[in-house]
Amino acid sequence: MTDTRRLPPALRPDVRSSLLAETLARYRARAARAQPVVAEGRLVRMVGLTLEAEGCQASIGGRCRVISAGGHEVEAEVVGFSAERTFLMPVGDVSGLTPGARVIPTRHARDTQVGDALLGRVLDGSGRPLDGRPAPQCDAHVSLNGRSINPLARRPIHEPLDVGVRAINGLLTVGRGQRMGLFAGSGVGKSVLLGMMTRYTTADITVVGLIGERGREVNEFVQNILGPEGMARAVVVAVPADHPPLMRLHGAMLATSIAEYFRDKGHDVLLLMDSLTRFAQAQREISLAIGEPPATKGYTPSVFAKLPQLVERAGNGDQGSGSITAFYTVLAEGDDTNDPIADAARAILDGHVVLSRRIADTGRYPAIDIEASVSRVMNEIVDPGHIQAARRFKQLYSHYQQNRDLISVGAYQRGADPRVDEAVAMQPRLEQYLQQDMRQSVTFKDSLKALDGLMEPPPPPTGGDERGRQLIR
């Protein structure tokens with residue numbers, strides 16, 4: 001029997017086995033680092049904003065590079081497929097693309113970089129800076145789709161949030177971690193009210209998403225509403241109306257992802273999105289372009305699936321994290337608050353503030369319709385005395401509004417209904433409470449104090465109360 005120990009090392013079985021294992025390990029590591037084979041396709045059709053490609057393999061949400069013969073390159077995202085064709089939505093300008101352009105899938109994921117370096121910056125829907133400064137250097141990356149939180153792990157809303165608006169603080173109290181909607185038609189004051197809450201709400205970080213609105217409003221919001229002091233603790237994501245629908249969609253998702261990052265770090269975040277309607281309209285444009293049938297007034301089923309996916313990402317986090325208090329503006333087209341998007345948003349939000357054009361036309365600002373507005377968490381976060389005072393205020397206001405026409409034409413006779421008599425006498429003070437200058441901040445404490453003083457039982461009327469008789473006449 002041969003003694004293997006006397007053989008040369010290269011011929012010894014144990015050494016050969018070890019060398020083979022090392023060689024295989026090196027090849028496995030090299031194979032793991034190798035780029036996968038990419039099935040490149042070609043552009044065969046373009047209709048509207050939709051690109052159709054054949055021959056490429058890419059997943060929904062994946063990115064592709066579309067390169068024409070002249071070298072012009074456009075980035076696009078996969079939004080659907082049918083048989084052998086892949087539907088893509090361009091991220092940028094499609095001018096210069098030609099039939100037969102190369103379509104190359106990339107490994108680019110739908111994520112974004114986040115970190116403290118974003119504070120004080122203005123970004124577009126892709127996370128690129130719009131303020132002319134170098135790109136922010138951040139180490140952390142999060143998905144644009146966010147992460148799901150177990151509903152049983154969410155901390156309940158138990159603390160009022162001071163938004164600096166007397167009518168909301170006193171009558172529609174907002175809780176820290178609540179999701180509220182601002183409903184109104186165009187030109188009634190949604191953006192101005194949003195700006196007031198941006199300046200006066202107490203929060204560690206403010207994230208603003210200007211989605212699908214006028215481009216001129218971006219600089220006005222940054223310069224006039226936030227200002228240098230507000231921008232120091234804010235991040236603005238701006239995607240004006242002239243950007244592709246996919247970018248508008250990503251802008252809303254990016255703003256929410258940034259807010260989630262700071263919430264998970266333990267901060268109390270104020271998320272302001274103007275507007276949720278433009279987000280829905282962007283999704284409608286995409287889904288109609290790829291052939292999804294409309295369901296309600298031109299809106300496709302995927303629109304109503306996307307809305308709760310976005311809104312549910314806000315709110316309180318799990319134990320040890322912070323909160324996201326979110327305000328979403330909702331455009332009621334034609335002043336119809338039963339518009340499909342307004343109706344869907346009302347069902348998934350924790351309350352809504354309705355702005356009335358009729359009230360705005362009278363010159364009262366903010367034009368909040370107290371009768372149509374509600375905060376669904378108010379009863380859980382304020383004391384019984386506050387609830388009672390707010391309820392009595394709404395009753396008096398409602399009694400007057402229901403009889404306003406009779407009072408205006410002199411058809412109502414004093415003494416016919418004591419509740420209406422009291423409402424008429426109180427009406428000037430109620431209107432004064434609801435009115436507030438846009439440059440004025442009213443704290444939660446002062447709002448409650450004014451409400452308590454307003455709702456104190458009035459002194460008994462005297463025979464010489466000529467002013468009250470004139471109001472009723």
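Which ring does the charged end of Arg284 sit over? That would be Tyr299, with the charge 4.2 Å from the ring centre. This is a predicted model, where local features need pLDDT of at least 70 and side-chain atom pairs count only at pLDDT 80 or more, while totals for chains, interfaces and linings use all residues. Residues are numbered from 1 along each chain as its sequence is written, and side-chain values use heavy atoms, leaving out hydrogens and water.

**Charges over rings**
- A charge sits over a ring if NZ of Lys or CZ of Arg is within 6 Å of the ring centre and within 35 degrees of the ring normal.
- Arg166 also has its charged end over a ring, that of Tyr433, 5.7 Å from the centre.

**Aromatic pairs**
- Rings of Phe, Tyr and Trp (its six-membered ring) pair if their centres lie within 6.5 Å; planes under 30 degrees apart are stacked, over 60 edge-to-face, and the rest tilted.
- That rule gives three aromatic pairs.
- One of them is Tyr261 with Phe262, edge-to-face at 5.2 Å centre to centre and 70° between the planes.
- Tyr261 has a relative accessible area of 17%, so it counts as buried (under 20% relative accessible area, using a 1.4 Å probe and protein chains only).
- Phe262 is buried too, at 0%.
- Phe393 and Tyr433 make a tilted pair, 5.5 Å centre to centre with 55° between the planes.
- This pair links distant parts of the chain, since Phe393 is in helix α11 (residues 384–402) and Tyr433 is in helix α13 (residues 418–434), 40 residues apart.
- Both Phe393 and Tyr433 are buried.

Conventions:
Buried < 20%, exposed > 50% of the residue type's maximum accessible area, 1.4 Å probe, protein only. Helix = DSSP H or I, 4+ residues; strand = E, 2+ residues; numbered from the N terminus.
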